Amino acid sequence: MISDWIISIFIDELLMEPEAQEGQKFKENDVADFLHAVAGTLMCDFVLLDVAWCNKVQVAIERIRFAGIEGHLGKCYSPRTVSGFLTALESWEST
């Protein structure tokens, strides 16, 4: 079961990421990517996203962890790190 508080914190952090960088705005075509990033990261152990959204997810997770907040958040991979994804998947054991 996913805690409501980790959902809220992750969404807030993910939405803050584009606004935290000058010139980055949340665009209409970002909606589908945002929804995939949120659902995948909160519900899965591994998430495959494009490079830009993978970076956004990783930055959001780093800020959450730096604040000492625990909770399930999946590990994000992109086409650049697909070999790492395959290695993690092969060695993954369900809990």
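Predicted model: local features only at pLDDT ≥ 70, side-chain atom pairs only at ≥ 80, totals over all residues.
**Figure 1. The whole chain and its order of helices and strands.** Helices and strands here are DSSP runs, with a helix having at least four residues and a strand at least two, numbered from the N terminus. In total, that gives four helices and two strands. The chain has 95 residues, and 32% of them count as buried. Its accessible surface is about 6,300 Å², and carbon and sulfur atoms contribute 58% of that area.

**Figure 2. Where helix α2 packs against helix α3.** Two packed helices are described by the angle between their axes and the distance between the axes. In this view, α2 covers residues 30-43 and α3 covers residues 51-66. Their axes are 11 Å apart and meet at an angle of about 50 degrees. This angle makes α2 oblique to α3. The crossing of α2 and α3 is right-handed. Which residues make the contact? From α2 come Asp30, Asp33, Phe34, Ala37 and Thr41, while α3 brings Trp53, Val57 and Ile61. Sorted by class, the contact of α2 with α3 has five nonpolar residues, two charged ones and one polar one.

**Figure 3. Cysteine 54 and the residues around it.** You will find cysteine 54 in helix α3. Is cysteine 54 buried or exposed? Its relative accessible area is 2%, so cysteine 54 is buried, since the cut-off for buried is under 20%. Leaving out residues up to four places away in sequence, cysteine 54 touches Leu49, Cys76, Tyr77 and Ser78. Take serine 78 as an example: cysteine 54 and serine 78 are 24 residues apart in sequence, yet their C-alpha atoms are 6.0 Å apart in space.

**Figure 4. Proline 79 in the loop between β2 and α4.** Here the chain passes from strand β2 (75-77) to helix α4 (82-91), and proline 79 sits in the loop between them. Proline 79 has a relative accessible area of 60%, so it is exposed, the cut-off for exposed being over 50%. Which residues does proline 79 contact, beyond its neighbours within four places in sequence? They are Leu49, Asp50 and Val51. For proline 79 and leucine 49, the separation is 30 residues in sequence and 7.7 Å in space, C-alpha to C-alpha.

Conventions
Residues numbered from 1 in each chain as written. Heavy atoms only, no water. Axes fitted to C-alpha atoms, helices over the stretch in contact; angles between N-to-C directions. Parallel < 35°, antiparallel > 145°, perpendicular 65-115°, else oblique. Left-handed = near helix turned anticlockwise from the far one by under 90°. Contact = heavy atoms within 4.5 Å. Nonpolar A, V, L, I, M, F, W, Y, C, P; charged D, E, K, R; others polar. Buried < 20%, exposed > 50% of the residue type's maximum accessible area, 1.4 Å probe, protein only. Areas by Shrake-Rupley, 256 points an atom, 1.4 Å probe, with all protein chains shown as cover.
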